[in-house]
Amino acid sequence: MDKAENNKNSAMPVLADLVAMYIITGILLVILAALLGRVEMTDAAVSIGIIATYIVSCFAGGFFIGKKKKKKKYLWGICVGAFYFAVLLLGNLAVNRGLDGQLVHMLTTAVLCTLSGMAGGMVS
């Protein structure tokens, strides 16, 4: 019975961290949009800003879950990074109704999200 209760409680910290990760993402994207409005930025600079947003958000999520879980922190970081990417992918598929030749970009984003989540978990 204790093991079943522990499994139930495992989902809540992950969901709370995902919400925190998307709040961080929203804040960073608002800052990026404000910079874009004030300073003329190239497409490459905007892309770097978006990638940095993914990395910072997933690192923070991995760090938060690592602090909560205490054991196998890097695995929990990988999980929240992968879940973060999965939600991004589902949103992209819903909006664009497909990948539209963005497979390499999506794979790169998946690797960045999972590795930065893992790094956050390891640092925690």
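## Basis

The model is predicted, so local features need pLDDT of at least 70 and side-chain atom pairs count only at pLDDT 80 or more, while totals for chains, interfaces and linings use all residues. Residues are numbered from 1 along each chain as its sequence is written, and side-chain values use heavy atoms, with hydrogens and water left out.

## Aromatic pairs

Rings of Phe, Tyr and Trp (its six-membered ring) pair if their centres lie within 6.5 Å, planes under 30 degrees apart counting as stacked, over 60 as edge-to-face and the rest as tilted; this rule gives three aromatic pairs. Tyr22 and Tyr84 are stacked because their ring centres are 4.6 Å apart and their planes lie at 15°. Since Tyr22 belongs to helix α1 and Tyr84 to helix α3 (residues 73-96), the pair ties together parts that are 62 residues apart in sequence; helices are DSSP runs (H or I, at least four residues), numbered from the N terminus.

Tyr84 is buried at 0% relative accessible area, whereas Tyr22 is partly exposed at 27%; buried means under 20%, exposed over 50% and partly exposed in between (1.4 Å probe, protein chains only). Together with Tyr54, Tyr22 and Tyr84 form one aromatic cluster.

## Charge over a ring

Lys69 lies over the face of Trp76, 4.5 Å from the ring centre, the criterion being NZ of Lys or CZ of Arg within 6 Å of the ring centre and within 35 degrees of the ring normal.

## Helix α1

Leu35 lies in helix α1 (residues 2-38) and counts as partly exposed at 42% relative accessibility.

Technical notes. Helices (H or I, at least four residues) and strands (E, at least two) are DSSP runs, numbered from the N terminus.
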